[in-house]
Amino acid sequence: MITNNLNTPIYFNGAFRIKPAENKAKAEIPLLFKQGKQIFHDILEKGDEVVVVRDNFDRRISSYIQENDIKGIEYYPQINTKSGLDQLEPLRLITLIKENTYKIITDFEEIIKVAKKTKRLPKNL
């Protein structure tokens, strides 16, 4: 049996790359979480920050992005806290980002739209 994955919903767990000019966001987004996050600095360019989060933090980040009109952000839906990342070894994250370059959401409105439509995965999946 062949299955069609084209209609599979996107669950908003992933990595957010905050561009260097977004100093306020780089300072405040990590403070939204006590745990369930990994933070990497200077990944694709000097001064950027990548915050990798669990799936249950989707709406918190999207609300922050929308309320603060953060435009300098990229979203990588395939990279999450279960991707085997280590903050002391950022090369793995760099490799994942380069392998998944075709799966980046950069449009502010699209990030918000995806976040608002998604639901958390059922625990049995």
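1. Two strands pair if DSSP finds at least two bridges between them. Strands (E, at least two residues) are DSSP runs, numbered from the N terminus. By this criterion, strand 1 and strand 4 pair in the antiparallel sense over 4 bridges. Within this pairing, Phe 16 has Tyr 75 of strand 4 as its bridge partner.

2. On provenance, this is a predicted model, in which local features need pLDDT of at least 70, side-chain atom pairs count only at pLDDT 80 or more, and totals for chains, interfaces and linings use all residues. Residues are numbered from 1 along each chain as its sequence is written, and side-chain values use heavy atoms, with hydrogens and water left out.

3. The sheet is open and consists of 4 strands in the order 2-3-1-4, with antiparallel pairing. Strand 2 and strand 4 (73-76) stand at the edges with a single partner strand each, so one side of each lacks a neighbour in the sheet. Neighbouring strands are turned by 20 degrees against each other on average, direction ignored (axes are lines fitted to C-alpha atoms; angles run from 0 to 180 degrees between N-to-C directions).

4. Strand 3 (residues 49-53) pairs with strand 1 (residues 15-18) in the antiparallel sense over 4 bridges, and 5 bridges join strand 3 to strand 2 (residues 37-41), also antiparallel. Val 50 of strand 3 is the bridge partner of Arg 17 and stands opposite Phe 40.

5. As to burial, 5 of the 5 residues of strand 3 are buried (under 20% relative accessible area, 1.4 Å probe, protein chains only). Glu 49, Val 51 and Val 53 point one way from the strand, whereas Val 50 and Val 52 point the other way.

Note on methods. Buried < 20%, exposed > 50% of the residue type's maximum accessible area, 1.4 Å probe, protein only.
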